[in-house]
Amino acid sequence: MIGYVTLGTNDLARGAKFYDALLALLGAKRFMENDRLIAWTAASDRPGIGLSLPFDGKPASIGNGMMVALVVDSRALVDKLYQTAIALGGSDEGAPGERGQGFYAGYFRDLDGNKLNAFCIG
């Protein structure tokens, strides 16, 4: 149902380095790029993530209560994504762990404060 999610940034080049490294762990590569936007996907029929300077020219800000969840196939990959995000300068929002009923997730923020998590079920 979801085709892509776009996150705001105030520094596209800095943010691109973060997402290039982080999303490479999921096999995602840039599929669209211009002077205001970069977007990544793992396949043309899979959802993507875009990073964009706001269209209205105002500073990007984070949405309170908004989060992007990245589904993966193993707890080990949840751990790796979380650790990579932190190593790239992201901040902790909840270390990887069991969140109940077989839901395993790690929560972090990117360099602009956007909240993401990596999760797997099982």
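How far apart are the mean positions of the positive and negative charges of the protein? Select the charged side chains to see. The 12 positive and 13 negative charges have mean positions 1 Å apart. Keep in mind that this is a predicted model.

**Whole chain.** Switch to cartoon. Two helices and eight strands make up the secondary structure. Trace them from the N terminus: the order is β-α-β-β-β-β-α-β-β-β. Now show the C-alpha trace. Along the principal axes it spans about 45 × 30 × 25 Å. The radius of gyration is 14 Å, which agrees with the value near 14 Å for a compact globule of 122 residues.

**Surface and contacts.** Of the 122 residues, 38% count as buried. Among contacts with a separation of 6 or more, 50% join residues 24 or more positions apart.

**Aromatic rings.** Select Phe, Tyr and Trp. The whole structure has three aromatic pairs. Start with Phe18 and Tyr19. Their rings sit edge-to-face, 5.1 Å centre to centre, with 75° between the planes. Phe18 is buried at 2% relative accessible area. Tyr19 is buried too, at 1%.

**Last stop.** Select Phe103 and Phe119. This pair is stacked, with centres 5.2 Å apart and planes at 25°. Phe103 lies in strand β7 (residues 103-109) and Phe119 in strand β8 (residues 115-121), so the pair ties together parts 16 residues apart in sequence.

Definitions and conventions. Residues are numbered from 1 along each chain as its sequence is written. This is a predicted model: local features need pLDDT of at least 70, side-chain atom pairs count only at pLDDT 80 or more; totals for chains, interfaces and linings use all residues. Side-chain values use heavy atoms; hydrogens and water are left out. Helices (H or I, at least four residues) and strands (E, at least two) are DSSP runs, numbered from the N terminus. The radius of gyration is taken over C-alpha atoms; the globule rule is 2.2 Å times the number of residues to the power 0.38. Buried means under 20% relative accessible area, exposed over 50%, partly exposed in between (1.4 Å probe, protein chains only). Contact means heavy atoms within 4.5 Å. Lys and Arg count as positive and Asp and Glu as negative; His and the chain ends are not counted. The place of a charge is taken as NZ of Lys, CZ of Arg, CG of Asp or CD of Glu. Rings of Phe, Tyr and Trp (its six-membered ring) pair if their centres lie within 6.5 Å; planes under 30 degrees apart count as stacked, over 60 as edge-to-face and the rest as tilted.
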